[in-house]
Amino acid sequence: MATNSYQHIDVRPIAGACGAEIHGVDVNNLSDAVFAEIRAAWNEHLVIFFRKQSLDDEQLKAFGQRFAPLFRHPNFVPQDDQPEIVRVYTGPEDQRIVGEDWHADTTCMPEPPSAAVLYAVEVPPTGGDTLFANQYLAYETLSDSLRGVLDGMQSFHSDIRVAGPRAKARLSGRTSVSRYDDEWQATEAMHPVVRTHPETGRRGLFVNASYTQYFENMTEDESKPLLQFLESHATRPEMTCRFRWEKGSVAVWDNRCVMHIAMHDYKGHWRKMHRVQMVGDRPV
Ligand code: SIN
């Protein structure tokens with residue numbers, strides 16, 4: 001569906017590469033016809049945003065479940081009786097934050113989440129934006145030759161950089177705590193470097209700095225230069241959009257075709273977000 005052909009929603013792209021604000025809806029009250037258009041807009045723009053929403057925990061979970069069943073994160077320690085909700089909180093003194101490197105979420109899983117909904121509860125006066133990068137565009141703007149090489153490759157993903165004893169955030173202040181305990185075991189999976197989206201049929205890059213360790217049948221040292229090139233290419237400014245949060249804003253990103261990064265440029269302030277993720281399928 002093209003941006004100008006929606007009947008029930010007002011879709012306003014925020015950048016050339018990806019991202020659109022959707023106006024004229026209350027996400028707590030969506031008919032099937034309205035949700036079908038939201039899903040079409042999501043497939044078209046990859047990450048969609050709503051403003052001035054009000055979501056308690058049950059409403060956040062219900063909205064997420066419109067996209068797919070809820071996913072339970074393997075590494076966040078639940079702070080309350082809502083294990084499917086991750087409280088992405090940054091305190092005024094925090095040195096590290098959730099999502100501080102470009103990544104797709106939880107790609108260490110054999111079936112990584114398909115999507116996430118992030119809801120802003122408290123935002124700093126300035127800063128704390130989130131950037132998103134279109135991984136279809138990243139793939140499509142590579143040379144034919146490199147695309148041909150990548151099409152046949154697999155890469156190994158693990159969560160050892162984000163949880164467990166080797167995690168960067170383990171020894172420094174971070175309000176949202178991951179599992180660093182002795183019983184923690186790494187979650188690992190091999191995925192295609194280029195995946196085909198199950199809904200749109202489009203191909204996109206599927207490697208990221210937080211989880212991808214190396215290419216199949218190559219060492220980490222051999223893999224590093226190509227991984228670094230792909231990361232810098234895939235996050236060039238023209239692949240991205242940047243979202244300025246307000247209290248009550250909601251983002252829904254497609255984890256199969258976008259990467260994202262959170263800005264930590266609001267020292268001295270709180271930022272409080274509630275996130276649910278939705279299950280996905282095995283990348284092909
Ligand atoms: C995340 O990586 O899911 C967190 C994004 C954000 O807090 O903006």
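Me: Is Thr-106 buried or exposed?
Reply: The model is a predicted one, in which local features need pLDDT of at least 70, side-chain atom pairs count only at pLDDT 80 or more, and totals for chains, interfaces and linings use all residues. Residues are numbered from 1 along each chain as its sequence is written, and side-chain values use heavy atoms, with hydrogens and water left out. A residue is called buried under 20% relative accessible area, exposed over 50% and partly exposed in between, using a 1.4 Å probe and protein chains only. At a relative accessibility of 2%, Thr-106 therefore counts as buried.

Me: Between which strands is the loop that holds Thr-106?
Reply: Helices (H or I, at least four residues) and strands (E, at least two) are DSSP runs numbered from the N terminus. On that numbering, the loop with Thr-106 runs between strand 5 (86–90) and strand 6 (115–122).

Me: What value does phi of Thr-106 take?
Reply: Contact means heavy atoms within 4.5 Å, and, not counting residues up to four places away in sequence, Thr-106 touches Phe-71, His-73, Pro-74, Pro-112, Pro-113, Tyr-211 and Gln-277. Thr-106 is a residue other than glycine, yet its phi is positive, near 55 degrees.

Me: Which residues of helix 2 are buried, and why do they line one face of the helix?
Reply: Helix 2 spans residues 57–67, and its buried residues are Leu-60, Lys-61, Phe-63, Gly-64 and Phe-67. The arc is taken over the directions from the helix axis to the C-beta atoms. Seen down the axis, the buried residues line one face because they fall within an arc of 160 degrees.

Me: Which residue caps the N-terminal end of helix 2?
Reply: The cover over the buried residues of helix 2 includes helix 1, strand 3, strand 4 (70–71), strand 6, strand 14 (250–254) and strand 16. At the N-terminal end, a side-chain oxygen lies 3.2 Å from the backbone nitrogen of Glu-58, and the capping residue that supplies this oxygen is Asp-56.

Me: How far apart are the C-alpha atoms of Leu-55 and Asn-28?
Reply: Leu-55 lies in the loop between strand 3 and helix 2 and is buried, with a relative accessible area of 7%. Not counting residues up to four places away in sequence, Leu-55 touches Val-27, Asn-28, Leu-60, Tyr-119 and Val-250. Leu-55 and Asn-28 are 27 residues apart along the chain, and their C-alpha atoms are separated by 7.5 Å.

Me: What distance separates the C-alpha atoms of Gln-154 and Val-121?
Reply: Gln-154 belongs to strand 8 (residues 154–158) and, at 28% relative accessibility, counts as partly exposed. Beyond four places in sequence, the contacts of Gln-154 include Met-190, Pro-192 and Phe-215. Gln-154 and Val-121 are 33 residues apart along the chain, with their C-alpha atoms separated by 38 Å.

Me: Which residue forms a side-chain polar contact of 3.1 Å with His-103?
Reply: His-103 lies in the loop between strand 5 and strand 6 and is buried, with a relative accessible area of 7%. A polar contact is a pair of N or O atoms within 3.5 Å; within protein, one must be able to donate a hydrogen and the other to accept it, and residues adjacent in sequence count only if both atoms are side-chain atoms. A polar atom of the His-103 side chain lies 2.7 Å from the backbone oxygen of Asp-101. The 3.1 Å contact joins the side chain of His-103 to that of Asp-105.

Me: What percentage of the area exposed by the ligand taken alone does the protein bury?
Reply: Oxygen atoms of the ligand lie 3.0 Å from a side-chain N or O atom of His-260, 2.8 Å from one of Arg-271 and 2.7 Å from one of Arg-275. Accessible areas come from the Shrake-Rupley method with a 1.4 Å probe; for residues, only the protein chains shown count as cover. Taken alone the ligand exposes 260 Å², and the share buried by the protein is 100%.
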